[in-house]
Amino acid sequence: MGQLFGTDGIRGRANTYPMTCDLAMKTGQAVGILTQKSSNQCVVIGRDTRISGQMLESALAAGIACAGVDVMTAGVIPTPGVAYLTSVIESCGAGIMISASHNPYYDNGIKIFQKGGMKLSDDQEADLEKIILGTPIDLPAKIGTIASANDAQARYAQFLLNKFNFQKKRKKLKLVIDTANGAASFCAPAIFTPDIFDVNFIHNQPNGTNINKDCGSQHTKDLSDHVKKINADLGLAFDGDADRLIAVDETGQQITGDTLLAILSRFAKQTGKLGNNIVVSTVMSNVGFGNAMAQLGIKHEITGVGDRKVLERMKETGALIGGEDSGHMIFLDEHTTGDGVLSALKLIEVLLETNTPLSQLAKVMTVYPQVLINVDVDASRPDFMKMPMVADAIKEVESQLGRQGRVLVRYSGTQPLLRVMVEGPEESLTRQCCEKICKAIRKSLKSL
């Protein structure tokens, strides 16, 4: 990671460095310059529903236009919608999504896609940082235009719908969909239509400050309650920019991203669409996922955290499916990036084709108890393994769990947090082990 870019673009508290209008404008200029150098004419900008989105959109658009490149504003649209537009608009040299994903409304972020709809590589991010943080830019005489892409949501919705052929049935699948008061709030009704589904939307009234607030993929209790209340077949929860999916089965039980990935991978193998018989996931995946892949005879590739890392490994190995336990899932034969709505449609396809409830499909893997605790840290990010108390605590826990669990401690790529994850054979022991490591970290940080 560089000075600005984390695991998923630039992110921080809105109106506080680096998420300021000044830096957004410089970022726009940098993207505009690189777009112009590649002989492309425009950049697409989308955003989620955060109150700071329009402010940052204006700054980015101004930066791009003053670099001599045209801007197409797509308005509120999921992150994968921006990736799609970037891949199909011939004159488009880049796409920018303004979102902090699953974070609270007061955060925001800038995600950048290169021509073709893929996220930037580390080298490309480094090139952008040099321009953004370098000397003032010599601006060209030409000034770009800024225009609205009024059909952006409709184009993205049709792109997804064209991939599926859901037949009208006498008994419609009953859905509850939580759009997290985010980017999917407006396009989801055009995708999950009442002529095909018996659909109920919740948390679909964004007001600028309620995105992800006690709803969406991070908070599924309300979704679970609604599913049980109306006896729905399936609950679907997106995050703020709709690139994640977490599901709730017909009993109200939350189904993790790893389990969804296992369900979809098994179906892909059965239908001959797995791609080199390989699935990619990250080091954060549950131990049970690896066990499930082994039982299914699927090769399991493991990579670092972040959907960019997953995508890189997929391209290296020829895999067509990859994802994270957070609910990011990539289907490389369908799209260039993770897409929560696409994942939801694929899950619905499995339910309809197999005529099997999600609770039964979820038995494809056994989920080991997992406890994840975030410890607040400052920007210095000290090497925790050089803290004797922390290193000793980790070794003791690893020795205690043996082959029945594991420990993973890492810094967040998007927030000032140290994430401590422990998996073990049962919940209480796993939590005790995780809290033991966190206690050692907090004590060590206080002594610095």
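User: Which residue follows helix 10, and what is its phi?

Analyst: Helices (H or I, at least four residues) and strands (E, at least two) are DSSP runs, numbered from the N terminus. Helix 10 is followed by G318, with a positive phi near 80°. This is a predicted model, in which local features need pLDDT of at least 70 and side-chain atom pairs count only at pLDDT 80 or more, while totals for chains, interfaces and linings use all residues. Residues are numbered from 1 along each chain as its sequence is written, and side-chain values use heavy atoms, with hydrogens and water left out.

User: Which residues of helix 10 are buried, and what covers them?

Analyst: A residue is buried under 20% relative accessible area, exposed over 50% and partly exposed in between, with a 1.4 Å probe and protein chains only. In helix 10 the buried residues are D307, R308, V310, L311, M314 and T317. Their cover includes strand 1, helix 4 and strand 13 (278-282), and also strand 14 (299-303), strand 15 (321-323) and strand 16 (329-331).

User: How far apart are the closest N and O atoms of D8 and K111?

Analyst: They are 3.1 Å apart, and the pair forms a salt bridge. D8 sits in the loop between strand 1 (5-6) and strand 2 (9-13), whereas K111 is in strand 6 (residues 107-114), so this pair also links distant parts of the chain, 103 residues apart. D8 and K111 are buried.

User: How many salt bridges does the rule count?

Analyst: The count comes to 21. Another of these salt bridges joins the side chains of E57 and R47, 3.4 Å from N to O. E57 is in helix 2 (residues 53-66) and R47 in strand 3 (residues 42-47), 10 residues apart. E57 counts as buried because its relative accessibility is 13%, and R47 is buried at 14%.

User: How many disulfides does the structure hold?

Analyst: A disulfide is a covalent bond between the sulfur atoms of two cysteines. The test is a pair of cysteine sulfur atoms within 2.5 Å, and the structure holds zero. For C92, the closest cysteine sulfur is in C42 at 4.5 Å, which is too far for a bond. For C433, the closest is in C434 at 8.6 Å, again too far. C92 is buried, at 0% relative accessibility, and C433 is buried too, at 2%.

User: Which residues does V422 touch?

Analyst: Contact means heavy atoms within 4.5 Å. Leaving aside residues up to four places away in sequence, V422 touches several residues, including P369, V397, R406, C433 and I437. V422 is found in strand 19 (residues 417-423) and is buried, with a relative accessible area of 0%.

User: Which residues of helix 5 are buried, and what do they pack against?

Analyst: In helix 5 (residues 152-161) they are A152, Y156, A157, F159 and L160. They lie on the same side of helix 5 because they cover an arc of only 155° around the axis, the arc being that of the directions from the helix axis to the C-beta atoms. They pack against strand 4 (70-76), helix 3 (79-88), helix 6 (188-191) and helix 11 (340-354).

User: What is the order of the strands in the open sheet?

Analyst: Two strands pair if DSSP finds at least two bridges between them. The open sheet has five strands in the order 9-8-10-11-12, with mixed pairing. Strand 9 (197-202) and strand 12 (254-255) are the edge strands, each pairing on one side only. Strand 8 (residues 173-178) pairs with strand 9 in the parallel sense over six bridges.

Key:
Salt bridge = Lys/Arg side-chain N within 4 Å of Asp/Glu carboxyl O.
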